[in-house]
Amino acid sequence: MTTSAAVLFTALPATAAWAGGGGGQTWVVHPGESIQEAVDAASSGDTIRIEAGTYEEAVCVDEKGLTVTGAGRDVTKIVWPEWKTPADLPEVDATACWEAQNGADPEGDPDTFADDVSGLFFLEPDGPVEVTGVSTWNHPANGIAAWGADGFRVSKTKGHGHDRYGILAAYSTHTRILRNIEEGVDRGSADEPNSGTAGIGTTDSAKSYADIVANDVQGYNIGIFARESRSGVMRHNYVSGNCVGVLVFDDAATEIPDASRNVKGGDWQIRANESSGNDRFCLAGIGEVEAALRVSGTGMAVVNADHVGIYDNKIRDNNSAVDPATLQFPSAGVALLTLPPFNNPLGVDPGPVTAVRVWKNGITGNTLDVLRGWPPPLDAQFPPVGRDISIRGNTCATSIPASLCGG
């Protein structure tokens, strides 16, 4: 959506492009002008500088690597109209970005693009992308997203009320997500809550090389989500008020840009984070298992992935908002689980969870502090964990098996 106001762009002296050398023009967008028109006029390597103000837009950046800089996340706002149900969303014209989202996203309505728009969407950028100093509000897909980027840096932004991801790096590499704030909004009901997939996600990449540092994520289904993603670090983040604080998940197939690949998810280091009070109730799953998995009160979980280290974290007071016996995904401070394949077009079995270290964490006050494998009676239905699981030196009180705490 663009405003009807006339658009004036001011070309400033060349600025250095992040991570790529070179330079380009700077395009300044003032209140009442259009970010999308500035993006369309810019070339890769250019900078879009957005002045303080509120811009009702959803911006598609197709095959360009740009730097987008606001005046600060509290004063430069890219917003979408308030909405409660998808029927409230305004219709939009097709763009390459919304068409890609609609084609890849099983959660959306394939008959409309209204639920496919993001605040800033970078589709197959041909150079590095950097976004800083803006906030995005209420977009029904993502706040800030890049698909197919090599060099994606998002820092000092804020996202509020997005229905997929607040920040998403999909099949991208060399990702840096630093010092951002993400707030989920529940637009569901008490029986069918929905507060968005995840505040921060890195997905569908065999070479993520991601650094996710010092972010504050609250109120989503998942705080930080690494799905079908390999190689990265999460450190010094704060996640609270989500259904699951941190999830590393090796799925059976990619989703973005399509389901034609399998990535062996894992090789993540999760260090010095705080995951506390993740006590929301969610329904998880898509496709054949849509809304079939009841989830609540999990601090950190590793599912099917391999070579994950969980070190020196504070994982506390993660308790289920509903009776834990009604959950299909167990409530725990740390849960290490194997799931059988589902929604599996490639016939790949991604399990079991293998080679995980859980060392020297403070894991206290949770429904259950540490869980290695499924608890009874679910252990009769699901596969066991794999080899090389090491849990030691943690402060914790309750576990399954019972011998895990105090060692």
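## Strands side by side

Two strands count as a pair if DSSP finds at least two bridges between them. Keep that in mind as you look at this predicted model, because strands of a sheet pair through backbone hydrogen bonds, either parallel or antiparallel. Take E22 and E27: they run parallel, and 5 bridges join them. If you want a spot to start looking, find Val244, whose bridge partner in E27 is Thr298.

Now stay on E27 and look at strand E30 (residues 332–337). E27 and E30 also pair in the parallel sense, again over 5 bridges. Thr298 turns up here too, with Ala332 as its bridge partner in E30.

## A ten-strand sheet

There's also an open sheet of 10 strands with parallel pairing. Reading across the sheet, the order is E4-E7-E10-E13-E16-E19-E21-E24-E29-E32. Which strands sit at the edges? They are strand E4 (53–56) and strand E32 (362–364), and each of them pairs on one side only. From one strand to the next, the twist averages 10 degrees.

Strand E13 (residues 158–160) and strand E16 (residues 181–183) run parallel, joined by 3 bridges. Within that pair, His160 stands opposite Glu183 in E16. While you're looking at strands, here's a handy rule: in a regular strand the side chains alternate between the two faces of the sheet.

## Three disulfides

A disulfide is a covalent bond between the sulfur atoms of two cysteines. With a cut-off of 2.5 Å between the sulfurs, the count here comes to 3 disulfides. Counting bonded cysteines along the chain, they follow the pattern 1-2, 3-4, 5-6.

Start with Cys60 and Cys97, whose sulfur atoms are 2.1 Å apart. The torsion about their S-S bond is about 75 degrees, so this disulfide is right-handed. The pair links distant parts of the chain, 37 residues apart: Cys60 is in strand E5 (residues 59–62) and Cys97 is in helix H2 (residues 96–104). Both Cys60 and Cys97 are buried.

Next come Cys243 and Cys282, joined with an S to S distance of 1.6 Å. Cys243 lies in the loop between strand E21 (238–240) and strand E22 (244–249), while Cys282 is in strand E25 (residues 281–284), so the link ties together parts that are 39 residues apart in sequence. This link is right-handed, with 65 degrees about the S-S bond. Cys243 and Cys282 are both buried. Then there's the link between Cys396 and Cys405, with sulfur atoms 2.1 Å apart. Is it left-handed or right-handed? The torsion is about -125 degrees, so it is left-handed. Cys396 and Cys405 are buried as well.

## A buried asparagine

Let's finish with Asn237, which you'll find in the loop between strand E20 (222–235) and E21. Is Asn237 buried or exposed? Buried means under 20% relative accessible area, and Asn237 has 3%, so it is buried.

What does the side chain of Asn237 reach? It gets to the backbone nitrogen of Ala214, at 3.2 Å. Leaving aside neighbours within four places in sequence, Asn237 is in contact with several residues, including Ile212, Val213, Ala214 and Asn215. Ile224, Ala272, Asn273 and Glu274 are also among its contacts.

Notes
Residues numbered from 1 in each chain as written. Predicted model: local features only at pLDDT ≥ 70, side-chain atom pairs only at ≥ 80, totals over all residues. Heavy atoms only, no water. Helix = DSSP H or I, 4+ residues; strand = E, 2+ residues; numbered from the N terminus. Buried < 20%, exposed > 50% of the residue type's maximum accessible area, 1.4 Å probe, protein only. Polar contact = N/O pair within 3.5 Å; in protein donor to acceptor, adjacent residues only side chain to side chain. Contact = heavy atoms within 4.5 Å. Axes fitted to C-alpha atoms, helices over the stretch in contact; angles between N-to-C directions.
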